[in-house]
Amino acid sequence: MSNQPRRQGPPSGGPGGPKMVGKPVSVNKNTVKRLLSYFSNYKLHMILVFVFIITSAVASVMASLFLQTLIDGYVTPMLGANSSVGFSDLAMALVKMGCLYVCGALSGLFYSRIMASVSQGILKKIRDKMFAHMQTLPIKYFDSHNFGDTMSHYTNDTDSLRQMLAQSVPQAMSSIVTIVSVFFSMLRQSVWLTLIVIAFLFIIFKAMGFIGGKSSKYFVKQQKSVADVNSYIEEMVNGQKVVKVFCYEDKSKAEFDRRNNELFNNMRKANSYGNIVGPVMNNLGYILYVILAIVGGLLAIKSIPNLSLTAGINTLTLGTIASFLTLSRSFVQPISQVSQQINAIAMAMAGAERIFALIDEAPEADDGYVTLVNAKYDADGNITESEERTGQWAWKHPHSDGTLEYIPLKGNVVLDDVDFAYVEGKTVLHNVSLYAEPGQKVAFVGATGAGKTTITNLINRFYDIADGKIRYDGININKIKKADLRRSMGIVLQDVNLFTGTVMENIRYGKLDATDEECIAAAKLANADGFIRMLPQGYNTVLEGDGSGLSQGQRQLISIARAAVADPPVMILDEATSSIDTRTEAIVQSGMDALMKGRTVFVIAHRLSTVQNSDVIMVLEQGRIIERGSHEKLIAEKGKYYQLYTGAFELE
Amino acid sequence: MIKRLAKCVREYKREAILTPTFVVGEVIMEVLIPLLMAELIDNGIEMGDMGYVVKMGIALLFSAILSLAFGVIAGMTCATASSGFAKNLRHDMYYNVQNFSFSNIDKFSTASIVTRLTTDVNNVQMAFMMIIRIAVRSPMMLIFSFTAVLTISPKLALVFLVVIPVLVAGLFIIIQKAHPIFKKVFKTYDNLNSVVEENLHGIRVVKSFIREDYETNKFKGISDIIYKSFVKAEKLLAFNSPLMQMCVYASMIFISWFGAKMIVNSGATELTTGELTSLFTYVTQILSSLMFLSMIFVMMTMSKASGERIVEILDEKSDIINGDSTLSEVADGSISFENVNFAYSKSADKLCLENINIDIKSGETVGIIGGTGSSKSTFVQLIPRLYDVTAGSVKVGGVDVRDYNLETLRNEVAMVLQKNVLFSGTIKENIRWGKEDATDEEIKHVCRLACADEFIEKFPDKYDTYIEQGGANVSGGQKQRLCIARALMKKPKILILDDSTSAVDTKTDALIRKAFREEIPDTTKIIIAQRISSVQDADKIIVLDDGKIAGVGNHDDLLSNNNIYREVYQSQMKGGEDNE
């Protein structure tokens with residue numbers, strides 16, 4: 001939360017960089033540099049902020065020094081007889097101070113307001129960049145990164161960054177200004193006493209180093225426990241129904257308690273150390289105060305010559321000691337405030353590092369230059385490009401010699417000796433070769449893990465092949481722009497993902513400019529219209545939490561409608577109808593068949609009834625195609641497919 | 001709400017009370033120390049009295065050490081109390097969630113339960129920490145400092161009569177205006193998170209529809225609202241500290257003027273210079289206390305929503321009340337439904353199950369067939385009492401399910417859910433959910449029954465293979481077989497498979513059924529399936545249509561007398577018959 005209490009009032013101070021207190025918290029220099037680069041768009045803003053901060057800090061320092069001027073310059077002389085200063089002088093001085101104060105307060109207002117825009121602007125930029133970049137990452141990234149971790153970049157990491165930018169940065173700047181100006185004021189008063197302050201600073205740093213070290217140690221542990229507890233909660237709550245079915249509540253409670261207690265212990269220790277930083281710093285300040293008073297008093301009474309930066313060698317007056325004491329308080333306070341924010345800063349930097357790591361992830365490689373265009377045939381049967389949707393498509397293939405070739409999109413897919421491994425060394429597809437003629441329905445059959453889904457993942461380039469070639473209408477798919485390649489194929493997956501929004505919006509996801517009528521037509525095609533109309537608000541029913549109110553089969557129907565509205569030239573159905581009962585499936589299938597007439601369809605299914613009417617059936621086993629041919633041909637061969645088929649029906 | 005939350009402090013009550021006590025001590029010292037400092041300057045340094053300086057110095061040192069002690073102890077007890085409070089909150093919520101029935105779980109989405117257990121607890125913990133430390137500190141500071149000012153000079157205290165109302169009014173206006181904006185920001189944050197979450201889960205959909213830009217724009221739109229509202233709110237809050245500074249500065253100038261007059265006119269009897277110095281310190285302390293109080297107020301209102309969300313979980317009562325029965329076992333695996341009606345919510349005018357009557361004998365294999373949305377899952381979920389019937393009764397082993405202890409019942413009724421999950425841990429650990437002390441042999445046995453052994457043996461770590469969260473590193477069919485093995489481990493009297501072999505190929509499916517038939521003949525097996533082949537050889541097949549039983553019988557009976565069944569059968573046999 002941005003408006004957490006911060007210590008306020010003169011002298012204003014705040015946290016600075018973690019290095020100031022010599023903390024064991026390590027901060028990556030590059031991260032700092034990168035974070036700073038985001039300020040580059042706000043140069044003018046930052047200059048203004050800096051000027052205002054100096055004004056505001058100077059006003060604060062002056063305020064703390066004014067007391068001394070008031071007493072030494074006005075009250076004490078006026079108390080004596082024959083005073084040369086009168087109340088009118090005091091009034092003048094107060095008016096001057098008043099003006100300075102107003103300037104200071106206004107400066108404070110201005111820089112806070114400017115910083116609000118700057119810090120939120122930077123955050124927005126980082127956030128947007130992160131999300132936009134995430135969209136470009138290959139599927140591999142999402143396979144290998146836990147969703148919860150990625151989510152936390154948008155929540156925790158951004159939040160800690162926000163706290164630092166909105167609070168710590170301006171406070172740090174103003175602290176530095178305060179510390180520097182107070183330091184010079186002290187030197188002006190007495191070099192000797194300043195030396196004592198510097199010597200004492202080492203003690204303060206040592207103490208902070210000790211507490212800070214402990215604190216950050218437990219802080220890291222605490223963060224780890226937090227992640228541990230949160231992921232346990234997430235996993236268990238997501239599997240809550242399984243927990244119930246297995247009467248696993250007590251065990252789940254016990255395990256939760258174990259993790260919860262660990263979190264408690266680490267949190268308690270981390271917070272304990274965090275909480276004592278303030279009192280320790282404050283009271284060390286008081287001790288410094290006492291030391292200075294005694295040493296200063298001795299110096300003055302023994303009349304030891306004082307060295308002043310401005311006045312050279314003089315004697316230490318009592319008034320000087322008094323104001324020096326005040327200064328020493330103003331010096332310690334900002335340092336104290338810095339040290340109390342160190343964990344927050346360290347956390348923000350760690351968060352920034354993780355965010356930058358995401359932004360640095362290599363995006364999906366896409367060197368394709370062949371694009372998909374709407375095609376029109378002119379009188380001579382030549383293909384020309386068309387602006388409108390013509391229902392006919394062509395690949396626009398610019399050759400290196402500058403000529404342009406239009407190749408009609410037919411849906412001819414050829415895999416030539418393809419090898420593939422998700423993880424290096426563990427090949428899941430071996431020498432896969434296949435050809436899908438345009439308009440054919442190609443089915444993949446095989447045990448789970450045989451590599452059926454993998455093949456479709458390669459055709460739309462979710463993954464890139466290790467060896468071999470994939471040609472699409474005679475073009476190497478590596479040459480086709482990924483967006484266009486994927487636009488040419490619709491995919492319906494077994495695991496349906498719906499988005500928060502109405503049913504209509506979810507269907508429209510397939511084609512953003514689809515009219516309501518088109519969406520409804522698609523839903524009818526998918527046989528989803530019936531149940532959608534039964535929903536409380538029909539097509540305007542808002543789906544939330546991945547359509548959690550719907551059954552698996554209903555969700556599959558919506559996802560088929562979504563693909564149907566996209567009307568793609570090639571369709572990949574990966575167990576798309578596995579949760580739909582066979583009767584409904586038959587209806588959906590006939591609709592789909594009508595839709596896909598003349599287009600290539602890849603079908604993956606366990607249910608042989610789903611694939612029987614395919615033109616070609618590929619039987620896969622352990623990453624190899626072991627049989628291929630039509631249903632009739634495969635049955636006649638009496639091979640694996642025949643076994644599967646007969647096993648499926650167990651005809652007596 | 002506060003009362004309900006306060007109950008969770010429990011064993012940390014001592015720390016929760018000690019913290020403010022020590023904070024009071026700390027405040028007293030903090031008020032005392034400026035007084036001592038003033039003394040040290042007035043009577044020590046100014047007078048050149050070294051002895052006095054040393055004396056006051058020692059007193060000051062002593063006070064500093066005392067203040068340090070108070071501060072450190074308060075800091076530590078506060079850490080214990082607040083961490084403990086948070087621990088108890090999580091504990092209580094988690095425990096109650098474990099008691100939730102299926103309909104309770106349906107009511108709160110899992111995502112919302114997770115947020116409540118994490119973010120909301122965090123917010124409330126922060127607020128709690130504020131209350132026991134600063135909410136005590138600030139008023140105390142206010143009172144002590146004000147008393148000190150009054151003792152020094154009641155006349156000068158009048159300054160505060162002007163300044164405090166100005167500050168309070170100013171802060172009030174700022175908070176009033178900023179609060180609704182912040183509320184909006186946090187709501188928008190939820191939207192942002194859900195966009196990211198859905199995007200992550202549906203990344204394949206996004207990519208295959210090339211909706212990357214669409215998603216980015218959606219995100220940017222929300223991100224922009226957050227940006228704008230936040231800037232607006234923070235710009236408002238930017239008035240806070242200058243307002244405070246103006247008040248402090250104004251008081252200082254007033255006090256300087258009137259204080260100087262008092263000193264000079266009275267010849268330093270009514271007020272001394274040292275006292276004037278102390279007044280300056282108190283001005284800052286009084287006004288910053290007020291400032292802190294306003295911050296606490298804001299924090300409290302912000303965490304109010306979180307508190308309410310937590311209480312909702314704490315107070316949610318499971319709608320399935322555990323029968324306090326002495327029945328310690330289920331007699332056999334027979335099941336009977338008598339005039340059962342069921343609706344998910346009382347207000348729903350359409351029943352999901354209507355007038356269901358069926359008897360299933362112990363040891364029978366029963367298949368359930370029906371279209372999407374025909375309430376097949378609902379039907380079987382009534383058996384282990386995951387939901388309570390709306391009317392009629394469900395009997396297991398001849399006894400109404402509501403008369404059993406839930407654990408007794410569910411230990412005998414194993415169910416493999418349609419949307420099943422594996423948990424992070426090894427395969428062995430997952431299977432042991434069914435029986436905690438299962439030996440390796442037993443585990444291998446059930447995996448063999450579920451036809452899971454063949455792929456497990458192929459894993460390099462075999463039964464010690466680590467399953468990622470949600471079973472992300474095994475395929476759908478493998479997951480289903482592991483889930484079946486886990487359920488078999490319970491050696492239940494009734495085994496329910498809710499479309500649990502849909503991702504398993506037909507041959508394996510047949511093998512699993514064969515194993516059931518041969519290895520656990522006494523267990524009642526209920527199988528929901530899409531494939532006729534999965535239920536064809538069952539003793540009894542129930543055809544469900546739109547929440548009603550449309551037919552019961554064996555394969556041959558139904559084929560001859562049930563239209564729905566015949567249609568389903570034909571839809572699956574199409575093309576096949578020609579060849580055989």
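So, burial in chain B: of its 580 residues, 53% count as buried, where buried means that 20 or more other C-beta atoms, placed from the backbone, lie within 10 Å of the residue's own. Keep in mind that this is a predicted model, where local features need pLDDT of at least 70, side-chain atom pairs count only at pLDDT 80 or more, and totals for chains, interfaces and linings use all residues. On numbering, residues run from 1 along each chain as its sequence is written, and chains are lettered from A, with ligands numbered from 1, in the order in which they are written.

Okay, overall shape. The C-alpha trace of chain B spans about 120 × 50 × 50 Å along its principal axes. Its radius of gyration, taken over C-alpha atoms, is 36 Å, while a compact globule of 580 residues would come in near 25 Å; that rule is 2.2 Å times the number of residues to the power 0.38.

Chain B holds 20 helices and 12 strands, which are DSSP runs (H or I, at least four residues, for helices; E, at least two, for strands), numbered from the N terminus. Among its contacts with a separation of 6 or more, 78% join residues 24 or more positions apart; a contact here is two C-beta atoms, placed from the backbone, within 7 Å.

Now domains, with bounds from an automatic or database assignment. Chain B gets domain 1 (1-152 + 305-316), domain 2 (154-270) and domain 3 (335-417 + 493-573). The C-alpha centres of domain 1 and domain 3 of chain B are 57 Å apart. Chain A gets domain 1 (18-360), domain 2 (371-408) and domain 3 (413-649), and 57 Å also lies between the C-alpha centres of its domain 1 and domain 3.

Where do the two chains meet? The contact takes 146 residues from chain B and 139 residues from chain A. On the chain B side, helix α3 (residues 50-99) gives the most, with 26 residues. By class, that side of chain B has 73 nonpolar, 52 polar and 21 charged residues. Nonpolar is Ala, Val, Leu, Ile, Met, Phe, Trp, Tyr, Cys and Pro; charged is Asp, Glu, Lys and Arg; the others, Gly among them, are polar.

Last stop, a sheet in chain A. Four strands form an open, antiparallel sheet in the order β8-β7-β10-β11, with pairing called when DSSP finds at least two bridges. β8 (426-436) and β11 (475-476) of chain A are at the edges with a single partner strand each, so one side of each has no neighbour in the sheet. Further in, β7 (residues 413-423) and β10 (residues 467-472) of chain A pair over five bridges, and A:Val414 has A:Arg471 in β10 as its bridge partner.

Notes: A residue is buried if 20 or more other C-beta atoms lie within 10 Å of its own, exposed if 12 or fewer, and partly exposed in between; C-beta atoms are placed from the backbone.
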